[in-house]
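Hi everyone, thanks for coming.

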Amino acid sequence: MTLPWIARPGARAWRCGPAPAEVRAFHATLPGYVPTPLTELPVLASELGVGRVFVKDESGRLGLPAFKALGASWAVHRILAERAASGARPGPLTLVTATDGNHGRAVARVAALLGQHAHVFVPRGVHPRAVSAIAAERARVTEVAGPYDEAVRAAAEAARSADAILVQDTAWPGYERIPGWIVEGYSTLCAEIDEQLTAEGVAEGPGLVVVPVGVGSLAQAVVTHYRSGPAGPAPALLSVEPRAAACVLESLRRGAPVGITTGHTSMAGLNCGTPSSIAWPYLRQGLDAAVAVPDSEAARAAASLAGLGVSSGPCGAAGLAGLRAALTGAGGEERRKALGLDASSVVVLLSTEGAAANPHSAQETAG
Ligand SMILES: Cc1ncc(COP(=O)(O)O)c(C=O)c1O
């Protein structure tokens with residue numbers, strides 16, 4: 001099968017405004033906040049013929065095994081601040097959301113931390129252990145028989161009741177402010193990378209950042225970060241999706257956001273059929289390339305990372321799987337050129353979850 005891949009010349013020259021500077025300072029006030037590790041893996045640099053490879057390891061973020069609490073905490077902080085400022089009736093809110101696992105658990109954790117309630121909708125296919133992990137955060141959990149997009153609709157409906165609010169990590173026309181805050185929250189991850197690369201002697205920043213993509217909110221934050229600097233050299237940005245749910249790749253191909261029918265994938269957090277409406281303009285203009293990988297390659301990448309001491313679930317390891325797919329096999333040299341990589345390039349892989357975040361980790365090998 002030919003590699004599902006698209007390159008977008010010119011994306012590195014596109015520019016947008018930055019995320020608010022105060023997000024990082026807010027996260028620093030949260031209990032247990034420490035920057036997650038940026039780990040250099042020279043074995044991967046030799047394997048892939050680049051200068052240095054770093055993995056941003058989100059297996060332990062604010063006490064949870066994925067990056068998602070960065071977005072949920074900032075969004076809920078903004079919601080509560082706005083309610084307080086408007087003189088809204090005090091008393092706990094119910095934070096409602098739909099999730100493939102990680103975001104719902106993060107919303108439930110933040111709700112408990114801030115004395116609020118949480119109601120989390122999960123689509124079919126989410127592993128029972130992931131469902132239990134959300135319930136263990138003291139959230140009410142409702143299982144939906146349909147796919148992710150249907151769970152989002154059910155959550156939006158439930159959030160219409162008084163004293164409830166939808167805290168969703170994807171946007172659509174008419175629901176864009178709160179997802180925008182969630183995206184802002186993810187900016188801390190990129191700010192940490194800047195500092196960590198500088199400490200590693202990489203003052204000029206990375207040559208390529210690889211990001212796993214579901215609805216594209218994290219990728220929107222990554223594009224915002226790396227496309228809001230001064231004109232001049234900027235890194236290439238590569239999105240990686242499961243073959244079973246490559247809605248951003250398909251949208252880039254068509255030049256317009258499209259909803260697709262998703263299949264089954266061990267990359268549960270990436271199993272999304274529609275790009276976020278606010279992410280789309282950033283993805284269309286700021287991503288250099290998109291690739292899709294099968295579950296078997298995500299499992300192989302997770303095993304490689306585990307062998308190198310980095311805990312990574314299938315979504316987290318998708319970045320390495322995508323990079324390997326891009327740089328090897330038929331057409332690999334052309335794709336390397338499209339990404340602007342050479343033997344001295346610095347690559348950053350975002351490993352967005354640890355193995356503990358995704359119960360598929362232990363069992364999935366088939367693609
Ligand atoms: C572990 C993990 N990685 C990546 C993503 C993708 O993020 P987004 O949906 O913002 O593209 C998710 C989303 O749930 C996730 O849980």
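Let me start with a definition: domain bounds here come from an automatic or database domain assignment. What we are looking at is a predicted model, where local features need pLDDT of at least 70, side-chain atom pairs count only at pLDDT 80 or more, and totals for chains, interfaces and linings use all residues. Residues are numbered from 1 along each chain as its sequence is written.

So, which domains does the chain have? The assignment gives domain 1 (5-67 + 179-362) and domain 2 (69-175). Their centres, taken over C-alpha atoms, are 24 Å apart. Where they touch, domain 1 contributes 37 residues and domain 2 contributes 29 residues; two residues are in contact if their C-beta atoms, placed from the backbone, lie within 7 Å. On the domain 1 side, the elements giving two or more residues are α1 (22-28) and α7 (177-199). The largest share of that side, 10 residues, comes from α7. Helices (H or I, at least four residues) and strands (E, at least two) are DSSP runs, numbered from the N terminus.

Now the ligand. It is surrounded by 21 residues, and the closest are G214, S217, G269, T352 and E353; a residue counts as near if its C-beta atom, placed from the backbone, lies within 6 Å. The elements that give this shell two or more residues are α4 (102-113), α8 and α12. Which element gives the largest share of the shell? That is α8, with 3 residues. Each of domain 1 and domain 2 supplies at least three residues to the shell.

Next, the sheet. It is open, has 7 strands in the order β1-β10-β9-β8-β11-β3-β2, and its pairing is mixed; two strands pair if DSSP finds at least two bridges between them. At the edges are β1 (5-7) and β2 (38-40), each pairing on one side only. Strand β2 runs antiparallel to β3 (residues 52-57), with 3 bridges joining them, and E40 stands opposite F54 in β3.

Last, two helices. The axes of α11 (residues 295-307) and α12 (residues 314-327) come within 7 Å and cross at roughly 100°. Therefore α11 is roughly perpendicular to α12, a term for angles of 65 to 115 degrees. These axes are lines fitted to C-alpha atoms over the stretch in contact, and angles run from 0 to 180 degrees between N-to-C directions. Among the residues that meet there are R300 and L305 in α11, and L320 and R324 in α12.

Definitions and conventions:
Parallel < 35°, antiparallel > 145°, perpendicular 65-115°, else oblique.
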